[in-house]
Amino acid sequence: MDLSSLTAIDVHTHVEQDGHGCFALDQELLDASEKYFRAGQDRTPTVTAIAEHYRARNMAAVVFTVDAPAATGHPALSSEEIADAAAEHADVLIPFGSVDPHAGKAAVLRARRLVTEHGVRGFKFHPSLQAFEPNDVRYYPLYEAIAELGVPALFHTGQTGIGAGLPGGHGIKLRYSNPMLLDDVAADFPDLTVILAHPSVPWQDEAISVATHKANVYIDLSGWSPKYFPPQLVRAANTLLKRKVLFGSDFPVITPDRWLADFAALDLKDEVRPLILKDNAIEVLGLR
C-alpha cells in the first residue's frame, strides 16, 4: 500500500455480501437500515466492489463484517474469506476480522488464527447487534488475545440504524453500545487500542470523556454525515482530540463522497484535516 499516494483512509466500511451471494443481515434488517439511512446506492457490496469504489477515489478502506449468529440467528459472512479477498486488493483494502463473543474459547482461538493465518489488522464488534455487554469479564480472554496480537478493536457505540423503525427495534438493545462500558475495557486492557465507532449519540459527551482520559481510546466519525455532528464533537476533534479521531464513512449506507463533501464544510483548522483523513489512521492501524 502506497500511503503517500492515498488521499484518505476510511476506517469503517461494511462487506454486506460474499462471493456466494449470501448477505450479512436478514432482509428485514437490510430494508430497515436502507430506509433509515436513505441509501440510494448498492446496499450489499462485495469486497471487490468496495475495492473498486475506493481505488477510483485514490483512498484506502478498512473492510469487515459483524459476526453475530448467536444473537441474530442469521449465518455470518466469513471473516476468513473477507480477509483473503482483501489480500487481492492490498493496495486499497485493510481487512478487519469479526468473531462472535458468545463463542467463548472458540472465539479466542479464531481471533488468533484470523491474525496469524489471514492477516487481519483489527477486529470489529457491535455490542447491540451481537447482544453483549462489552465490559462483562466473560469476554476478557478475547480482549487479552487481541491485545497480545497487537491489533485494535473497533466497537460500535451509540444509536444504530440496524433495526431502526422496526417493532422493538428487532430486539436490538441500544444500552449495550454505551461507550462508558468500554471505559472499563480500556482501563483493564491498557495495551489494547479501542476505537469507539460513530458519534456516540446519545452518549457523545461520554465518548469524548473516555477518549480524552484513556490514551488507548480513539473515535471514528462514521455513520453520520459531518453536518449532523454534535458541536462538542467538532470542537474536540479540532482541539484536544485532533490526534484521536479518524475518518470513517460507514459505507455503503453513507458514501465517502457524501461524507467528505460535508466534512469540507466543517469549521476545522487546516492542520487538523489531514490528521483526521489519513495520518491518525496510519498510526492507529500500524501501517508505517
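Helix α2 (47–55) has Val47, Ile50, Ala51, His53 and Tyr54 as buried residues, where buried means under 20% relative accessible area, exposed over 50% and partly exposed in between, with a 1.4 Å probe and protein chains only. Seen down the axis of α2, these buried residues fall within an arc of 165°, so they line one face of the helix. The model is predicted: local features need pLDDT of at least 70, side-chain atom pairs count only at pLDDT 80 or more, and totals for chains, interfaces and linings use all residues. Residues are numbered from 1 along each chain as its sequence is written, and side-chain values use heavy atoms, with hydrogens and water left out.

- Helices (H or I, at least four residues) and strands (E, at least two) are DSSP runs, numbered from the N terminus.
- The arc is that of the directions from the helix axis to the C-beta atoms.

**Packing of α5 and α7**
- Helix α5 (residues 105–116) packs with helix α7 (residues 140–149) at an angle of about 15°, and their axes are 9 Å apart; axes are lines fitted to C-alpha atoms, for helices over the stretch in contact, and angles run from 0 to 180 degrees between N-to-C directions.
- The two helices α5 and α7 are therefore roughly parallel to each other (angles under 35 degrees count as roughly parallel, over 145 as roughly antiparallel, 65 to 115 as roughly perpendicular and the rest as oblique).
- From α5, the contact (heavy atoms within 4.5 Å) is made by Ala107, Val108, Ala111, Arg112, Val115 and Thr116, and from α7 by Pro141, Leu142, Ala145, Glu148 and Leu149.
- Eight of the residues in the contact of α5 with α7 are nonpolar, one is polar and two are charged; Ala, Val, Leu, Ile, Met, Phe, Trp, Tyr, Cys and Pro count as nonpolar, Asp, Glu, Lys and Arg as charged, and the others, Gly among them, as polar.

**Backbone exceptions in loops**
- Most residues other than glycine have a negative phi, and most peptide bonds are trans.
- Val201 and Pro202 are joined by a cis peptide bond with omega about 10°, and Pro202 lies in the loop between β6 (194–197) and α9 (204–213).
- Phe251 and Pro252 are also joined by a cis peptide bond, with omega about 15°; Pro252 lies in the loop between β8 (245–246) and α11 (256–263).
- Asn58, in the loop between α2 and β2 (59–64), has a positive phi near 60° and, at 35% relative accessibility, counts as partly exposed.
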